[in-house]
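Work through the exercises below with the structure in view. Try each task before reading its solution.

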Amino acid sequence: MHIIVFGLNHNTAPIEIRERLFCSENDLPDLLKKLKDSGLNESVVVSTCNRTEIYFCSENPEECLSRIEPLLTEHFCVKDEWLKNYTYRFVDKDAYRHLFLVASGLDSMVIGEPQILGQVKDAYRIATFHNTTGFFLNKLFHKTFNVAKKIRTETRIGYNPLSISSMAIELSKKIFIELKQKKILVIGAGEMCEIALKNFKKEGLSDILITNRTLQNAKKLAEDITGIPYPFDNIPELLTKVDMVLSSTGSEKPIIDKELVISVMKKRRNRPLFFIDIAMPRDIDPEVNRIENVYLYDIDDLKELSVKHLSDRIKESEKAHAIVEEEVMNFSNWLKQLDKNPLITHIIESIEEIRLKELNKMLNKMKYSDEETQNNMDLLTKNIVNKIIYRHVSLIRQNGSPSTLDVMKQLFRFEEDNEKDMEGWDKGE
Amino acid sequence: MNVVLFNLSLLLYLLSTASYMFFLVLKKGLFGKVGYYLILSGCCIHLISTLARYFHAGYTPITNTYESLSFLSLCIAVFFLYLKRIYKIEILGCIISPVIFLMLLWASSFPSDIRPLPPVLDSFWLPIHTVFSFSGNAIFFTSFFISLIYLFVERGIKKKRFPSISARLPSLETLDLINYRCMSYGFPFLTVGIITGSIWANTAWGSYWSWDPKETWSFITWITYAILIHNRLAIGWRGRKTAYMMIIGFLFILITFLGVNFFAGGLHSYL
């Protein structure tokens, strides 16, 4: 049995192609069904804005691919050459490696980003729900989630934030105990402010004061994110109340200068004040950073930090790649062993036979049940059987002593003609 | 008995130091936890060892250099455990565990045998005066390290440089708050220690205050912390200034605690 991935990503295809081949969550069941009908026993489709990939199992990859390609061109209404020019295909080890890399964010445009793992999990969930996964892909995807988790915990790949707003949050956490009880003043009502504010709100910050030269815009933003608008002239007074200031105006000259902040700090009795100046040209005099208990980060500082964090991530990705290689070897050894051992194949096949027989009996009895119940029953029996098979398989592998094997052979009526294949395996192990 | 337990706690503190060093280098949270539990168990055994010595000797075992170093490190360990519980600052353990270990190691280089109590120390005030003074000292010892961490983090944020370790460091506000707590716990202890000391001095030496080196330096220390507290409450001194002042105060404590014993002599010289 081979596991194959066929697809495209941001490295191989430009956005115009990727968006044509994007498959939304609503569209996925249809595509999965078409794939199943074309003869694929097991398939999972992962589709995000940066990639569309089909994972499937087959004894004969080339033949399968030649069937899938026309199906895809038809499904997405795209040209034949596109699939030839912009896609990649990996088989076995390369396929496991690819999936491990994708799920742990190593294949992403922003290296180490965490969303992709959730997207892969969703894709797998949808596939299991529509019954298009089986023994091999179940095993592969569960392994993948383990690998991704291992990489998250053992390397610092996703440790340091890269975006301006998440860095601002990270910095404010280094200054303040808890953001929940803090107040933030926003000067300017642009888009940058809005994105950053939304992220701050996620951290539990709820006291948001907004000011802008045109009060109207401040009011509008305040309504959007439940803040309180204030007139622009109130800034000196507002500065005594808040803990953080986020500034992003189009002003040519600094709005806040050193003298103002010095006088404010006296009134604040030196409670720390954190300025985040993401405006260009800058809104806050850089000299402000020299005042005690005042911290100022401007857009250049944040960008510099981002570059540093990115290089940290790249350094960490080496460790992650090593983990992936190790796990690829583990998985491929596991699969090879499974292939080599006719007894295991026999067990899987005979139990599957029993399962299908019994399932069909029951489904015949329950003729009037709806499709969902039937699917659920199929899923349930599959899960039970897989768990039982797994125990047998691991027992055979861990303790391949002749007596254990004999018991197994008797249990599953392993025939004489199979014995011969078995002999070689026994000795080989 | 007490010496065996003492050595056992010394070993636990050593293991805890090692675990915290692994935590620092490998950045694995597990080592931090192990280090914490090792200090916790070390501290318990240390406490039992001190109690055992108390019952064996029949007097509060804070009468010579061995005993006082041991008791001081016990106080530091207890205060650290308290801070760790409330503020969850892992990194403090990396500094406190080697400090406690080295202090105990140093203590073990002094004679540990139990000798009869000098008559001048045989007083109702011995436990009260020493426990209060030592608790105050231990709290200010800890705040010295808190202040060092504060200055390190503050510098990183101001200069916009982030050593990778700083992600594990507590926030500036937390550190400043701990410093404030140290002030408000440590100062009363120190004050009571000095007052009970002077009452005792009156009964033992016939004078409340005789300006011997220990008394003089503890007075200077007390004034330093008094100024610090005044400035914090009256003019809102925070952050860096407080941290610097804490460090100066700590230097005075060192002079009071050790310098005077080893170099100056005077009335307190049996310590």
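**Exercise 1.** Which residue is the bridge partner of Leu273(A) in β10(A)?

Solution. The model is a predicted one. Begin with strand β9 of chain A, residues 273–277. Next take strand β10 of chain A, residues 294–298, which runs parallel to β9(A) and is joined to it by five bridges. In β10(A), Leu273(A) has Val294(A) as its bridge partner.

**Exercise 2.** Find how β9(A) is joined to β8(A), and trace the chain between them.

Solution. Strand β8 (residues 244–247) of chain A runs parallel to β9(A), with four bridges between the two. Within this pairing, Phe274(A) in β9(A) stands opposite Met244(A). From β8(A) the chain passes through helix α12 (residues 258–267) to reach β9(A), a right-handed β-α-β crossover.

**Exercise 3.** State which residues of β9(A) point each way, and whether they are buried or exposed.

Solution. Leu273(A), Phe275(A) and Asp277(A) point one way from the strand, while Phe274(A) and Ile276(A) point the other way. Residues on both sides are buried. The count for β9(A) is thus five of five residues buried.

**Exercise 4.** Give the strand order of the open antiparallel sheet in chain A, and explain why two strands have a side without a neighbour.

Solution. The order is β2-β3-β1-β4. Strands β2 (43–47) and β4 (88–91) stand at the edges with a single partner strand each, so one side of each has no neighbour in the sheet. The twist from one strand to the next averages 15°. Helix α7 (residues 135–154) of chain A packs on this sheet and touches β1, β2 and β3.

Key
Residues numbered from 1 in each chain as written. Chains lettered and ligands numbered in written order. Predicted model: local features only at pLDDT ≥ 70, side-chain atom pairs only at ≥ 80, totals over all residues. Pairing = 2+ DSSP bridges. Axes fitted to C-alpha atoms, helices over the stretch in contact; angles between N-to-C directions. Contact = placed C-beta atoms within 7 Å. Buried ≥ 20, exposed ≤ 12 C-beta atoms within 10 Å, placed from the backbone. Right-handed = clockwise from strand over helix to strand, strands pointing away.
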